[in-house]
Amino acid sequence: MPSDRAPLSLKIAAGAGLLFLHLPILLIFVYAFTTEDKSYQWPPPGLTLKWFAVTWNRPDVWAALRLSLQVAAISTAVALVLGTLCAAAVSRAHFFGRETVSLLVILPIALPGVVTGIALRSVFHIAEIPFSFWTIVLGHATFCVVVVYNNAVARFRRTSGSLIEASMDLGADSFQTLRHVLLPNIATALLAGGMLAFALSFDEVIVTTFTAGQQQTLPIWMLEELVRPRQRPVTNVVAMVVVLVTLLPILGAYYLTRGTDAVAGQGK
Amino acid sequence: MMRAFSDTLWRRPRLTIALLLAPPLIWLGVVYLGALAALLAQSFFSIDHFTGQVNRDLTLATYAELLRASNLDIILRTVTMAALVTLASAVIAFPIAWYAARHARGRWKALFYLGVMMPLWSSYLVKVYSWKLILAREGILTWGAEKLHLAWALNGWLALPVVGGNSLSVSATGTFVVFVYVWLPYMILPVQAALERVPPSMLEASGDLGAKPFQTLRHVLLPLAMPGVVAGSIFTFSLTLGDYIIPGIIGSSRRFIGQAVYEQQGVAGNTPLAAAFAMVPILIMAAYLWAAKKQGAFNAL
């Protein structure tokens, strides 16, 4: 069919758009090896591996990484429970206020992060809750719910209700049906949603600046380095490692939801 | 006992739904809506400029402060930036979404999908940082401009009053480019979703009825893609309105709403004014979401 062949101008525009999306990230990889440590000079005057060793020996980087991983793990766990429950309810039936529930779930990411951040902070202030690990988790879990919800609700919609009825007709009770029919059906969607929630939490900086107090997650550490650079090459290396680490859950989530119409991660 | 409970769940679907919904609604309702309510309340408080204490009598004085010329400037600048970023994202996103939706098949389709998802999910700060490298005076862009003998164009642009600056990384142009870069994937995905729903036969019909390719694009394709563009613009608009990190790292000293919120509640200690500032994007987005809903944009999400 002639209409299926793309015009050259479309090819160029689409290709240029994709390049625009990817070249800046690739540039980070080059800068991680540069010998220049005072400016952002291009082209790099020389290449070296020594900044990897320097970064490896920085305790502040490790501490920030550890905190980020802990926060992401717990926020993801909370989001998995809340998001799945919500998706199960919304996809099961038409009930009064159904639209409101989906809106409520989307709200934490539909509103600007600075709003979510300052809102949480003013609650902590009014309720006199001191900043801690748990205040960070509270904020992260709130906006991670939507990612799990999106993935789960798409899968629930395609899981036919007759499957559940058949299980019940064959004598299984609700819990057996949940365990042996429903969970295997939605497991990959949950795993994908969980991975994306993890990536989202691992990367979050705007809300975290309002809920973290003195603690440094990895993004907060990077933000400090961006505002007041101390050792630029270390920032370069950390940036490269962060790109590589966040790639894994995204690729994982993609392969888990591939071939289904669940669009993983839509509406981050 | 469990069996009886299970039977109850099956017989009373409403109870099941209530039980399913209770934990997420308690979390989101109490934590999140509670927080928003606290924010709203704060915006009606005011600050005593002598003592620096927050005065808890309800007043509209803080909102009146928003109307001061300098604050109004911040709001206008942010909204203009958000509108420009949304427009530019839509223009750049359309060909990518169109190619991915209509022409990419099999392996290419997967490649396009990952090609959009990977930048979307890459670290936000790393993306901003990469532009600091690119836009720096000694960076790759200046180098490229010199190699292509275009340095005069770059310098000419930087000499312009509002959009220019000492280097691109401290200019409004830089802020704009980074905003477009960071939010572009949020525009591509919904536009692509909308375009994938356009039946090819409709485009063929348009051609059969004598429309030139451009006319088909203008009168058939664009109207059908609009819900996707509106859905994408919710993200690009909202994210630009509230961001305070990008203009802080790459941009001139002229402030945006997000920065004003951050400074007022932090350094200045004027939480009521910060809260009032934060209400601006909320109100704009509420109006925007309401209009988008009328357009049916949520189906394209």
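Which helix supplies the largest share of the lining of the second largest cavity? That share, three residues, comes from α8(B). Helices here are DSSP runs of H or I with at least four residues, and strands are runs of E with at least two, numbered from the N terminus.

The model is predicted, and local features need pLDDT of at least 70, side-chain atom pairs count only at pLDDT 80 or more, and totals for chains, interfaces and linings use all residues. Residues are numbered from 1 along each chain as its sequence is written, chains are lettered from A and ligands numbered from 1 in the order in which they are written, and side-chain values use heavy atoms, with hydrogens and water left out.

Chain B has a mean pLDDT (the predictor's confidence in each residue, from 0 to 100) of 86, and 98% of its residues reach 70 or more. Within chain B, confidence is lowest in helix α1 (residues 2-11), with a mean of 76, and highest in helix α4 (residues 69-103), at 92. An unreviewed UniProt entry places the feature "domain: ABC transmembrane type-1" at residues 75-292 of chain B. This span is 80% helix and 0% strand, and its end C-alpha atoms lie 22 Å apart.

The structure holds six cavities of 30 Å³ or more. On a 1 Å grid over the protein atoms alone, a cavity is a set of points where a 1.4 Å probe fits but cannot get out; a pocket is an open set with protein on both sides within 12 Å along at least five of seven lines, and lining residues have an atom within 4 Å of a point. The second largest cavity contains about 70 Å³ of space. Among the residues that line this cavity are Arg137(B), Thr142(B) and Asn155(B). Both α7 (140-147) and α8 (151-159) of chain B supply at least two residues of the lining.

The second largest pocket has about 870 Å³ of space. Its lining draws two or more residues from each of α3 (59-92), α7 (161-169) and α8 (174-203) of chain A, and from α1 and α2 (13-43) of chain B. Of the 31 lining residues, Ala88(A), Arg92(A), Leu178(A), Leu182(A) and Leu20(B) lie nearest the centre of the pocket. The largest share, eight residues, comes from α8(A).

Elsewhere in chain A, helix α5 (residues 113-126) has 14 residues, which at 1.5 Å a residue should span 20 Å; its end C-alpha atoms are 20 Å apart, which agrees. The expected span is 1.5 Å times one less than the number of residues. Just after α5(A), Glu128(A) takes a positive phi of about 55°.

Definitions and conventions
UniProt positions are given in the numbering used here, feature names are shortened, and annotations may be inferred rather than shown by experiment. Grid points are joined across faces, edges and corners, and a volume is the space filled by probe spheres set on the points.
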